Amino acid sequence: MSVKSFSLNCPLPLNTSAVVLLAHGGGGRLMHQFLEQYVIPAFQNDQLATRHDGAVFDVKNARLAFTTDSYVVSPLFFPGADIGSLAVSGTVNDLAMCGARPLFLSAAFIMEEGLPFETLERVIASMRATAEAAGVHIVTGDTKVVDRGKCDKLFINTAGVGVIEHTQTIGPSAVRSGDAILLSGDVGRHGVAVMATREGLEFATAIESDCAPLAEPVLALLEAGIEVHCFRDLTRGGLATTLVEIAESSKLGIHIAERSVPVEEGVRGACEILGLDPLYLANEGRFVGFVAERDAENALDIMRKHAVSAQAKRIGTVAEAPASLVTLENLLGTKRILDMERGEPLPRIC
């Protein structure tokens, strides 16, 4: 590995800060506290109370899902993806995690004066290609330009609408004791790929982001009649933080085995060098599914037929106890409790 320049942000749990920190956007404990303290009480309603990736509601004879997300990744281009593919995939995935078929997206661009049109053209072309691959249409949007130095080149917001074509209830509150926990593939590549590009790190093995739309295997599971209780894509905070969120929402215990969680050798090596845990690194093309035990093997067979989830594995089980906790059995056979990511070692990752 060669290093041009490198720094990590402080990962300490600064949960008493009087000002917004980068960690408040990191998807971990601080963001969770921010939402619980400021956002959810202010807008209290049944949709927010689900703590899901999107809102699900009925309109006449249809069930729809609606979600939104903003993308501020730095740099704009990195191995395997860019801010354009990320902005489409991320919102498509949030709709898919609601069990919805993604249909339409909006795209809003906040551009810094001086942004080269060549850069913008590359981003838009990437968005178009990703939308076509995901089977969605970008049908409305907005543009704003700010003064030089007032934003970091380009920010994108996307919102999406999808239709729910089944009668299952999917979300953290539907998770049941005895559920099998399925993981769609290896973890940590997106976080390492973005960080390495930003910080000028070079590893012996090229590491590309896993960024990709996830609707295809999700819809295949639902169309096959798999009893799904919850989907969740693994973004900021990684696998560990996601599982803790679901354990706390469902008031159930989650048990996983470290040996069952795939980690690419290059990612594992980078984490060992930099002191990072791949369980907490961001992903943009991975999800976990909580399914009825009797459907677990069939679900894995279906997931493995799709390129984006070809490495799918069962990583654990849900139990009544210990309530609201996630336990990990490590490679030595001992167990430890996983908590949410408390700081933000890798900011601006999506």
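What follows is a working chat about a predicted model, its annotated domains, its core, its salt bridges and parts of its surface.

Me: Before we start on details, which residues does the UniProt "domain: PurM-like N-terminal" feature cover?
Reply: In this predicted model, that feature, which comes from an unreviewed UniProt entry, is placed at residues 52–164. Over residues 52–164 the chain is 29% helix and 46% strand, with the end C-alpha atoms 15 Å apart.

Me: And where does the "domain: PurM-like C-terminal" annotation sit?
Reply: The UniProt annotation, again from an unreviewed entry, covers residues 176–322. That stretch is 35% helix and 20% strand, and its end C-alpha atoms lie 14 Å apart.

Me: OK, on to the inside: which residues touch the most other members of the largest nonpolar core?
Reply: Leu 154, Phe 231, Leu 239, Ile 254 and Phe 290 do, in a core that has 99 residues. Helix α3, spanning residues 83–97, gives the most to this core, with eight residues. The core draws at least three residues from each of domain 1 (22–47 + 55–164) and domain 2 (172–338).

Me: Switching to charges, how many salt bridges are there?
Reply: The count comes to 21 salt bridges. One of them is formed by Glu 165 with Arg 101, whose closest N and O atoms are 2.9 Å apart.

Me: Why does that Glu 165 and Arg 101 pair tie together parts that are apart in sequence?
Reply: Glu 165 lies in the loop between β8 (154–164) and β9 (180–183), whereas Arg 101 is in strand β6 (residues 101–112), so the pair links parts that are 64 residues apart in sequence.

Me: Is Glu 165 buried or exposed?
Reply: Glu 165 counts as exposed, at 51% relative accessibility, while Arg 101, at 28%, counts as partly exposed.

Me: What about Arg 128 and Glu 132, how far apart are they in helix α4?
Reply: They are four residues apart in helix α4 (residues 117–134), and therefore separated by about one helical turn.

Me: Which residue does Arg 336 meet in a salt bridge?
Reply: The side chain of Arg 336 meets that of Asp 277, with 3.4 Å from N to O. Because Arg 336 lies in strand β16 (residues 335–338) and Asp 277 in the loop between α8 (265–274) and β13 (287–291), this pair ties together parts that are 59 residues apart in sequence. Arg 336 counts as partly exposed at 36% relative accessibility, and Asp 277 is also partly exposed, with a relative accessible area of 25%.

Me: Now the surface: which residues form the nonpolar patch with about 270 Å² of accessible area?
Reply: Phe 34, Leu 35 and Tyr 38 form that patch, and the area is for the three together. Tyr 38 has its place in helix α1 (residues 29–42).

Me: Last one, where is Gly 141?
Reply: Gly 141 is in strand β7 (residues 137–146), and at 49% relative accessibility it counts as partly exposed. From Gly 141 to Leu 338 there are 197 residues in sequence and 40 Å in space, C-alpha to C-alpha.

Terms used:
Residues are numbered from 1 along each chain as its sequence is written. This is a predicted model: local features need pLDDT of at least 70, side-chain atom pairs count only at pLDDT 80 or more; totals for chains, interfaces and linings use all residues. Side-chain values use heavy atoms; hydrogens and water are left out. Patches are made of residues with over 30% relative accessible area and no salt bridge: like charges are joined within 9 Å, nonpolar side chains (Val, Leu, Ile, Met, Phe, Trp, Tyr) within 5 Å. Accessible areas come from the Shrake-Rupley method with a 1.4 Å probe; for residues, only the protein chains shown count as cover. A salt bridge is a side-chain nitrogen of Lys or Arg within 4 Å of a carboxyl oxygen of Asp or Glu. Helices (H or I, at least four residues) and strands (E, at least two) are DSSP runs, numbered from the N terminus. UniProt positions are given in the numbering used here, feature names are shortened, and annotations may be inferred rather than shown by experiment. A nonpolar core is a set of buried Ala, Val, Leu, Ile, Met, Phe, Trp, Tyr and Cys residues joined through side-chain atoms within 4.5 Å. Buried means under 20% relative accessible area, exposed over 50%, partly exposed in between (1.4 Å probe, protein chains only). Domain bounds come from an automatic or database domain assignment.
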